[in-house]
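Q: I'm new to this structure and would like a close look at one part of it: the salt bridges. Could you walk me through them?

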Amino acid sequence: MNIGTIGAGRIGGTVGRLWAQAGHHILFSSRNPEQLADLVKAVGPNAHAGSSREAAQFGEVLLLTVPWPAVEEALSAAGPLHGKIVIDTTNQFAAGGLAQLPHGMSALEFNSQRANGATVVKAYNTLTAGFQSEAAGRSGPERVVMPYAGQDAAAKQVVAQLISDSGFEPFEVPWEFVHAIEPPRRAGTFYGEEWHLDTARALIAQLVAKK
Ligand SMILES: NC(=O)c1ccc[n+]([C@@H]2O[C@H](COP(=O)([O-])OP(=O)(O)OC[C@H]3O[C@@H](n4cnc5c(N)ncnc54)[C@H](OP(=O)(O)O)[C@@H]3O)[C@@H](O)[C@H]2O)c1
């Protein structure tokens with residue numbers, strides 16, 4: 001699959017590399033694409049670099065992976081995204097702490113509204129880039145769960161396959177519990193913690209029981 005990244009820092013570089021290793025074609029983007037030369041070389045022949053607009057045109061799927069305060073500007077530079085699936089890795093950290101979102105809205109809902117017509121699925125945001133790099137590809141009961149959430153069934157199916165290709169266990173978190181994959185870090189949620197299939201299932205059962 002052709003995948004464009006909007007941003008290519010710690011998360012973008014890591015996830016893009018994992019997908020490239022699985023045979024996907026990646027167009028990493030930066031406001032200064034020439035500075036991605038080392039990344040492209042390290043990832044190998046499945047990787048290229050360009051602008052975010054080029055990445056948006058190239059990818060059937062886009063990885064949105066810029067700091068929260070830059071999301072608006074980055075999406076605007078990427079251009080129209082109708083028909084695209086955006087995998088949102090962002091967390092709502094602003095200067096001075098967590099960004100306040102309107103009316104208890106999740107960061108996923110907030111970004112879905114400003115995603116230039118794309119279908120948004122959230123994933124790759126609960127674990128650090130360093131941990132994702134180290135933990136990808138584990139097997140059996142040690143395989144690390146990658147939680148994802150979204151509203152569009154077809155898009156979620158595509159994202160689940162990409163999560164699997166990158167070496168993690170795709171694990172859908174129901175829309176009503178999307179806050180459990182977003183900051184702040186708190187006990188009994190997915191954000192900031194390593195989960196495996198058995199413990200993740202037990203956690204969802206607990207969340208359902210508490211409702
Ligand atoms: N790091 C982690 O462990 C981690 C874990 C989970 C989730 N996240 C989330 O993932 C997102 C990316 O984090 P990161 O740590 O990978 O960030 P990072 O290493 O600081 O990289 C940020 C990327 O965003 C791009 N960028 C910055 N400002 C931009 C703008 N105004 N327009 C377009 N692109 C811009 C930068 O590209 P240029 O080359 O153009 O500067 C760079 O590629 C954040 O929302 C973060 O909360 C991070």
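A: Let's start with Glu182, which is buried, with a relative accessible area of 1% (buried means under 20% relative accessible area, exposed over 50%, and partly exposed in between, using a 1.4 Å probe and protein chains only). Its partner is Lys122: the two side chains meet in a salt bridge, 3.0 Å from N to O. That pair links distant parts of the chain, with Glu182 in the loop between β10 (169-172) and α8 (197-210) and Lys122 in strand β8, 60 residues apart. Lys122 is buried too, at 0%.

A quick word on terms. A salt bridge here is a side-chain nitrogen of Lys or Arg within 4 Å of a carboxyl oxygen of Asp or Glu. Helices (H or I, at least four residues) and strands (E, at least two) are DSSP runs, numbered from the N terminus. This is a predicted model, where local features need pLDDT of at least 70 and side-chain atom pairs count only at pLDDT 80 or more, while totals for chains, interfaces and linings use all residues. Residues are numbered from 1 along each chain as its sequence is written, and side-chain values use heavy atoms, leaving out hydrogens and water.

By that rule there are eight salt bridges. Another one joins Arg114 and Glu72, at 2.9 Å from N to O. Arg114 sits in the loop between α5 (107-113) and β8 (119-122) and Glu72 in helix α4 (residues 71-78), so this pair ties together parts 42 residues apart in sequence. Arg114 is buried at 14% relative accessibility, whereas Glu72 is partly exposed at 49%.

Finally, Glu134 bridges to Arg138, with the closest N and O atoms 2.8 Å apart. Salt bridges with shared partners join Glu134, Arg138 and Glu194 into one network.
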